[in-house]
Amino acid sequence: MRLQAWKARGKRTLVAAALSGMLVAGTAGWAAGNQQTPVTGPVPGASSWRADRALGHQLPDPATAKPAEVAAFFRSLSTAQQQELLDRHPLVVGNLDGAPVELRYEANARALREEGAKQLRRAQDRTLPSRDREAARDRADRYDALRADGRQIIAFDPRERGQVAEVYGTLDGAAHVSVIVPGSDIDLNSFDREKDPYGTPTGMARSLYAATGHRSAVIAWAGYTTPVGIGPDAATGRLAEAGAPRLARFVQGLDAAGTPDPVLFCHSYGSVVCGEAAPELPAADLVVAGSPGMHADDVADLHTDARVWAAKAQGDWIDDVPNVELFGIGHGADPADPDFGARTVPTAQVDGHTGYFEPGTDSLRAFARIALGEQT
């Protein structure tokens, strides 16, 4: 048995080595053009926030203050003082984990309007190349769509490809909360695209929200720099390592704002982010779907008190990805393998890599029960 296991591991290692060579050498020219620089640190405007002394004392540093400290700070303010800070620093307040949820919604609506106005000015600037003006017009349209009536934007970062998080349902007083963490090719433009809807954060969130009978608030979180296409970014943990602290801080902010420990649903490369963040996440459950690995050998290696679940459909192409790590390439053991120790989510009705949240599937029904704390 040991010899067979050794041969199997050796075979997987050779496959991973071949995959590494293909990604790093064989497609180097294409992949390099799609390599992403992760967005980290607080949003623009943090320096002005730090310098603000209008309330007579220093404001909590967006880069270093813990979400619990931020929550305590805002509880010490009057409603008028909170509004005053929002008026001066909408982008910072809207992304300050631990700040009151409703205040963040209002701040991000304001920030989206202001950022949209900046993009419109760029679109009208005849000194810019036409492609830049067109891109600015498209970005302004996206900002307008995100601040449409009824949308609850709890995070918004305009840098690079753009990041955003949206809430479905009511967070204040919610008995159950879920967070969707998406995989590759997700940004401001693809956050809620019509094509392949259940492969987008909003499509997954809306579907889960409906499947729970609107009894769980659901957050579509696209708050990290995702890989673009297939290349070194998708094959390594570099972007996941950069995104994990952002995810952990966001969830800690929910906890500080008084919501119950959430269930995290982590799809594809998003499961790598969840694996990296797991020790710092105050979560009730971690559910991975179509996962290439979590940079962990098994559930114990995640160092989390959360229950861990895994779903992988028979026809999901992710099953062709070698579950090894070699020289920084690959994401480790398959969470859907029984040896990993995760609880199994049924997937007999799932079609492909982005079908896990499709209405009518056994996986979505199981997800809804997990979100409501009914699945044990």
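1. Strand pairing, as used here, requires at least two DSSP bridges between two strands. Helices (H or I, at least four residues) and strands (E, at least two) are DSSP runs, numbered from the N terminus. By that rule, strand E6 (residues 285–289) and E7 pair in the parallel sense over five bridges. Val288 stands opposite Ala310 in E7.

2. On provenance: this is a predicted model, where local features need pLDDT of at least 70, side-chain atom pairs count only at pLDDT 80 or more, and totals for chains, interfaces and linings use all residues. Residues are numbered from 1 along each chain as its sequence is written, and side-chain values use heavy atoms, with hydrogens and water left out.

3. E7 has another partner. It pairs with strand E8 (residues 343–344), again in the parallel sense, over two bridges. Trp309 stands opposite Arg343 in E8. The charged end of Arg343 also sits over the ring of Trp309, 5.5 Å from its centre. The criterion is NZ of Lys or CZ of Arg within 6 Å of the ring centre and within 35 degrees of the ring normal.

4. How enclosed is strand E7 (residues 307–311)? Four of its five residues are buried, so the rest of the structure largely encloses E7. Buried means under 20% relative accessible area, exposed over 50%, partly exposed in between (1.4 Å probe, protein chains only).

5. Seven aromatic pairs are present. Trp221 and Phe250 form a tilted one: 6.3 Å centre to centre, 35° between the planes. Rings of Phe, Tyr and Trp (its six-membered ring) pair if their centres lie within 6.5 Å; planes under 30 degrees apart are stacked, over 60 edge-to-face, the rest tilted. The pair links distant parts of the chain, with Trp221 in strand E4 (residues 217–222) and Phe250 in helix H11 (residues 238–256), 29 residues apart. Both Trp221 and Phe250 are buried.

6. Phe265 and Phe357 form an edge-to-face pair, 6.1 Å centre to centre with 75° between the planes. Phe265 lies in strand E5 (residues 263–267) and Phe357 in the loop between E8 and helix H13 (362–371), so this pair ties together parts that are 92 residues apart in sequence. Phe265 and Phe357 are buried.

7. Trp221, Tyr224 and Phe250 form one aromatic cluster.
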